[in-house]
Amino acid sequence: MNFARRFEDHGVLITGGARGIGEATARRLAAEGARVLIADVDADQAARTAESIPGAESIGCDVADRTAVETAVAYAVERFGTLDVLVNNAFSCSPDTPLLEDQPDDTWYRDLDICLTGAFRCARAAVPHLAASGRGAIVNIGSVNAEQSFGNHAYSAAKAGLASLTRTLAADLSPRGVRVNQINPGTIRTRAWAGREAGLEALSRVYPLGRVGEPEDIAAAAAFLASRDAAWVTGTTLRVDGGLLAVNTAFAQAVGED
Ligand code: NDP
């Protein structure tokens, strides 16, 4: 597919960009002219992915580690001469224990540390460069879990917290010309769903648009929010969820059976 070249001469950093939504976003922004740094805790996969994307670079980076985050930001600026876009995409989602009283502290803290504090760490490190660019943008990858209960206490709370961080950063950074927005995806066909075709098929029937999402659906929205097409958009959360949260399917079915 031929895309517009909205990111010519842009430097982009994507956390968790080695696979899934992060990889698709890296491919989309690179196809639009960006130089992309894939910063992922899986350094080997990050390197393999970067090798397959023209102009892309990679670095091993755990967003839980402040020094690693600052090193990744410095590396992007060194390689590209500019950092214009940050995509906070890395995440952790721990399974809930069957009984709440058995839920340990460490998985709670881990999910918040990666999903929420990790995004804060990356924003803090990147903001001087994003502000200097004059067209800086942060795109946070949230989840429909931020808005409705789908399980995963800590992950969901972290993604809801991320939406709050999106708004406060947007307010804080607007005077410096940096826009901050969030995407809340519904079910996206990535590694978490590998080998679960029957489950995805069943889920497809719940989605008003009749299918689950593909990583490219989120990449397209991320490209919009990061681009000049969204020049007057900041502090917002965009659902990219096939209509999932717009419809109460159980209610609609019950009414239909009435
Ligand atoms: P994937 O598991 O496909 O890829 C995530 C990547 O992030 C992996 O390479 C992973 O490395 C890396 N990563 C994990 N922890 C860290 C860390 N601490 N620092 C840096 N990188 C890290 O994820 P998805 O593409 O499915 O999800 C991407 C985003 O989309 C997440 O924010 C997720 O919450 C959100 N989302 C996804 C949905 C879905 O259905 N897929 C639905 C709603 C939201 P490793 O493999 O070593 O763990």
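User: What should I know about the model before reading the values?
Analyst: Residues are numbered from 1 along each chain as its sequence is written, and side-chain values use heavy atoms, with hydrogens and water left out. Because the model is predicted, local features need pLDDT of at least 70 and side-chain atom pairs count only at pLDDT 80 or more, while totals for chains, interfaces and linings use all residues.

User: Why is Asp 9 called exposed?
Analyst: Exposed means over 50% relative accessible area, buried under 20%, and partly exposed in between (1.4 Å probe, protein chains only); Asp 9 has 61% relative accessibility and therefore counts as exposed. Asp 9 lies in the segment before strand E1 (11-15).

User: Is Asn 152 buried or exposed, and what makes it so?
Analyst: Its relative accessible area is 19%, so Asn 152 is buried. Asn 152 is placed in the loop between strand E5 (137-141) and H5.

User: What makes the phi angles of Asp 9 and Asn 152 worth noting?
Analyst: Most residues other than glycine have a negative phi. Asp 9, which is not a glycine, has a positive phi of about 65 degrees, and Asn 152, also not a glycine, has a positive phi of about 60 degrees.

User: How are the residues of the lining of the largest pocket divided?
Analyst: They divide into 21 nonpolar, 13 polar and seven charged, where Ala, Val, Leu, Ile, Met, Phe, Trp, Tyr, Cys and Pro count as nonpolar, Asp, Glu, Lys and Arg as charged, and the others, Gly among them, as polar.

Terms used
Helices (H or I, at least four residues) and strands (E, at least two) are DSSP runs, numbered from the N terminus.
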